[in-house]
Amino acid sequence: MGVGIISAGRVGAVVGSALRAAGHAITGVAAVSDASRQRADDLLPGIPILDAPTILERSELVVLAVPDDALADLAEGLATAGVVPGGQIIAHTSGRYGIEVLKPLQEKGAITLALHPAMTFTGMSLDLKRLIGCPWAVTAAPMFLPIAKALVVEMEGEPVEIGEADRGAYHMALAHGSNHLVVLVNQVLSILDELGVEDPARLVSPLLHAALDETLRTGPAALTGPVMRGDAGTVGEHLDAIREMRRPEVDRTYRALAAGALALTDLDEPKKRTIARLLADTDPATGTDTTEDPE
């Protein structure tokens with residue numbers, strides 16, 4: 001099957017390379033920026049760089065790997081331009097959307113699919129190994145789900161059906177976990193660095209890996225620490241330490257996540273109220289908003 005890739009971003013170039021490895025002929029790739037052209041050269045050597053209309057004319061399957069906010073306009077523009085032949089397969093890699101965003105193309109006779117790899121991409125060849133066994137969220141009309149799943153399996157991935165109405169919540173969950181994990185870990189590393197710890201990543205790596213592994217295995221049962229134990233004094237000392245460091249962004253993160261941890265505990269109500277009061281009692285110096293005791 002002739003496959004065209006529209007956008008040689010971090011995802012598009014890798015997905016194109018994976019489809020090529022699965023035996024598909026890549027007809028062309030759209031790449032505008034210098035970085036995109038370099039990725040195309042690295043991951044899709046020998047493949048011509050073409051404009052989007054030409055790619056559509058030459059391809060049986062077209063992968064739209066553009067940013068979320070650009071997808072609707074691209075789909076509308078391609079449909080309006082009249083370059084979509086009937087029966088063509090058009091898939092996008094956005095986590096946010098299902099197939100509704102491709103409706104203008106579907107109305108022109110295209111088979112539309114949403115294929116989102118649940119992985120973070122670097123845009124380099126090492127991503128190809130990460131795709132092996134990677135779950136992909138697939139959304140399609142029931143009659144076309146077998147096509148969507150077959151494409152994922154060809155790339156050695158694991159298809160997971162996600163309903164059209166659930167795509168927003170699905171993508172929020174993945175972004176909340178992966179992106180905010182990066183924020184949290186970087187705050188931890190910066191604090192330890194400020195304290196003069198040499199190689200902070202080495203210090204916390206065993207702890208963080210163990211916490212993540214245990215959470216994936218046992219869920220809320222993995223929770224440990226002062227909130228889980230009801231150690232209000234320790235929580236208060238943590239807040240004092242943050243205040244002394246003058247790190248309002250850490251203050252906000254700590255309080256929000258500690259409140260989330262509190263909701264997972266089975267502490268008695270008096271202990272819960274004590275900790276909740278501590279977490280709500282902010283100091284103007286931290287820059288956080290003052291809230292009232294939830295009780």
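1. The second largest pocket holds about 800 Å³ of space. Of the 23 residues that line this pocket, His 116, Pro 117, Met 119, Thr 120 and Phe 121 are the closest to its centre. A pocket is an open set of points on a 1 Å grid over the protein atoms alone, where a 1.4 Å probe fits, with protein on both sides within 12 Å along at least five of seven lines; lining residues have an atom within 4 Å of a point. Grid points are joined across faces, edges and corners, and a volume is the space filled by probe spheres set on the points.

2. The model is predicted: local features need pLDDT of at least 70, side-chain atom pairs count only at pLDDT 80 or more, and totals for chains, interfaces and linings use all residues. Residues are numbered from 1 along each chain as its sequence is written, and side-chain values use heavy atoms, with hydrogens and water left out.

3. By class, the lining has eleven nonpolar, ten polar and two charged residues. Here Ala, Val, Leu, Ile, Met, Phe, Trp, Tyr, Cys and Pro count as nonpolar, Asp, Glu, Lys and Arg as charged, and the others, Gly among them, as polar.

4. The largest pocket contains about 2,200 Å³ of space. Its lining has 44 residues, and the closest to the centre are Leu 184, Val 188, Leu 208, Ala 211 and Leu 257. Among the elements that each supply at least two lining residues are helix H8 (167–194), helix H9 (200–218) and helix H12 (248–264). The largest share, twelve residues, comes from H8. The lining of the largest pocket divides into 31 nonpolar, 13 polar and no charged residues.

5. The largest nonpolar core has 34 residues, of which Leu 19, Leu 61, Leu 113, Leu 115, Leu 131 and Trp 136 touch the most other members. A nonpolar core is a set of buried Ala, Val, Leu, Ile, Met, Phe, Trp, Tyr and Cys residues joined through side-chain atoms within 4.5 Å. Buried means under 20% relative accessible area, exposed over 50%, and partly exposed in between (1.4 Å probe, protein chains only). H1 gives the largest share of this core, five residues. A second, separate core of 22 residues includes Leu 71, Val 83, Ile 90 and Leu 102.

6. Strand E3 (residues 61–64) is covered on both faces: Leu 61 and Val 63 on one side, and Val 62 and Leu 64 on the other, are all buried. In a regular strand the side chains alternate between the two faces of the sheet. E3 pairs in the parallel sense with strand E1 (residues 2–6) over four bridges; strands pair if DSSP finds at least two bridges between them. Ile 5 stands opposite Val 63 in E3. Four bridges also join E3 to strand E4 (residues 89–92), again parallel, and Val 62 stands opposite Ile 90 in E4.

7. Glu 156, in the loop between helix H7 (145–154) and strand E7 (158–161), has a positive phi near 65 degrees although it is not glycine. Asp 199, in the loop between H8 and H9, has a positive phi near 55 degrees and is likewise not glycine.
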